[in-house]
Amino acid sequence: MKPVDLARKLRREAAFEPAALDRGKAVLMAAIRQEIEPTRGQTIVPQVPYKNVSAALSFLERAFGFREIPTARLVSADGGIDHAMLGFGGGMIGIGPQGHHGTISPKSGGIESQYISVYVDDVDAHYQRAVAAGARIANGLRNYFWSDEGHRTYEALDPEGHLSRFHQQIRS
Amino acid sequence: MVNSRSDAEAISRSLDQPEVFGLIYDRHPATVLRFLGRRIGAEVAEGLIGEVFRIAFERRKTFDASRVSALPWLYGIGSNLLLEHRRREARRLRASARMAAASEAADRRASAGALDARLLFPRVADAIEALPDGEREALLLFAWEDLSCQGTAEVLELPIGTVRSRLNRARTHLRELLDPGGKSRVRSR
């Protein structure tokens with residue numbers, strides 16, 4: 001018999017537990033999650049309440065260019081979104097249903113007690129995108145200077161009335 | 001290797017969207033797990049399968065995007081991990097040799113071949129064990145994983161000529177170890 005054929009005779013299949021592949025995948029997914037772990041390097045994360053979380057999620061992605069971190073999504077028993085994280089540049093917010101942690105959407109409460117500042121590279125392009133996606137503009141594009149440096153900004157409301165202020169750093 | 005055409009695309013997308021790397025797992029886990037299992041048995045292989053993909057994920061920037069399938073790369077990572085389990089691998093190989101000898105002997109009961117088998121397979125196992133790491137790895141990928149010389153070369157990231165000469169050296173070594181005196185395999189001892 002040839003040496004390679006002899007070696008082949010010693011090949012023996014192992015009998016695996018059915019769950020082995022799932023456990024292997026869990027190891028990989030844990031590593032993936034760790035890499036995109038929202039709180040890693042991020043020490044302050046605003047949590048923003050909504051009446052309709054999935055509509056808000058879709059709006060924030062479409063209008064403001066935020067991107068959901070899919071592995072961070074928590075789903076409730078009825079299939080709704082319990083919590084989702086959205087990243088933008090080096091920043092991040094969490095969104096979830098109002099009522100959690102005593103929070104309330106401006107749509108229900110009628111007032112907004114805070115706003116979110118977002119720093120962008122090209123505020124004019126961002127403004128166009130937000131308008132095209134149907135964002136309500138609370139304050140249009142404007143320049144502010146405090147020395148030879150300043151900001152070009154605008155403010156937009158999402159469908160539930162949360163205010164975001166978008167900034168681009170500029171020089172005079 | 002279903003869908004292997006898009007492994008390179010998926011890996012390249014996973015640079016920005018790490019979660020896409022999950023696809024690479026979904027496409028190849030059974031092949032890689034069987035490979036590890038043949039070498040070190042189910043228990044340790046089950047512990048290593050996730051490790052192979054975790055390491056692949058962490059090294060995904062270095063994946064050569066001109067390769068369509070990620071499988072040779074995954075084999076290569078697995079093959080490196082196996083080096084840390086040499087003793088277990090050797091034990092399994094000796095056990096496999098005993099089992100092969102027993103089943104061969106049963107097949108050829110009452111024939112002269114039965115004795116040959118009982119002595120031959122353990123010696124094959126010892127001979128494989130005695131090969132230098134590079135030759136043993138090339139031989140087992142080629143013989144057990146049914147990879148071509150080209151496939152083996154891709155796994156080991158070596159020129160095909162190097163793999164051919166390793167395989168040839170492995171064959172020569174095996175022949176010498178099995179048949180030191182150049183006489184009949186068993187009785188030469």
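Student: At what angle do helix α3 and helix α5 of chain A pack?
Tutor: This is a predicted model, in which local features need pLDDT of at least 70 and side-chain atom pairs count only at pLDDT 80 or more, whereas totals for chains, interfaces and linings use all residues. Residues are numbered from 1 along each chain as its sequence is written, chains are lettered from A and ligands numbered from 1 in the order in which they are written, and side-chain values use heavy atoms, with hydrogens and water left out. Helix α3 (residues 53-64) and helix α5 (residues 123-132) of chain A, helices being DSSP runs of H or I with at least four residues, have axes 7 Å apart. With axes fitted to C-alpha atoms over the stretch in contact, and angles running from 0 to 180 degrees between N-to-C directions, the two pack at about 135°.

Student: Why does α3(A) count as oblique to α5(A)?
Tutor: Angles under 35 degrees count as roughly parallel, over 145 as roughly antiparallel and 65 to 115 as roughly perpendicular, with the rest called oblique. Because the angle falls in that remaining class, α3(A) is to α5(A) oblique.

Student: Which residues of α5(A) meet α3(A)?
Tutor: Contact means heavy atoms within 4.5 Å. From α3(A) come Glu61(A), Arg62(A), Ala63(A) and Phe64(A), and their partners in α5(A) are His126(A), Arg129(A) and Ala130(A).

Student: Is Ile104(A) buried or exposed?
Tutor: Ile104(A) lies in the loop between β5 (91-97) and α4 (106-109) of chain A, and, apart from neighbours within four places in sequence, Ile104(A) is in contact with Pro49(A), Gln98(A) and Gly109(A). Buried means under 20% relative accessible area, exposed over 50% and partly exposed in between, with a 1.4 Å probe and protein chains only. The relative accessible area of Ile104(A) is 51%, so Ile104(A) is exposed.

Student: How far apart in space are Ile104(A) and Tyr50(A)?
Tutor: In sequence, Ile104(A) and Tyr50(A) are 54 residues apart. From C-alpha to C-alpha, the distance between Ile104(A) and Tyr50(A) is 7.2 Å.

Student: Which three residues supply 22% of the area that chain A buries against chain B?
Tutor: The contact takes 30 residues from chain A and 49 residues from chain B. Buried area, the accessible area (1.4 Å probe) that two parts lose on being put together, summed over both, is about 3400 Å² between chain A and chain B, with carbon and sulfur atoms giving 66%. Supplying more of chain A's share than any other three residues are Leu10(A), Arg12(A) and Phe16(A).
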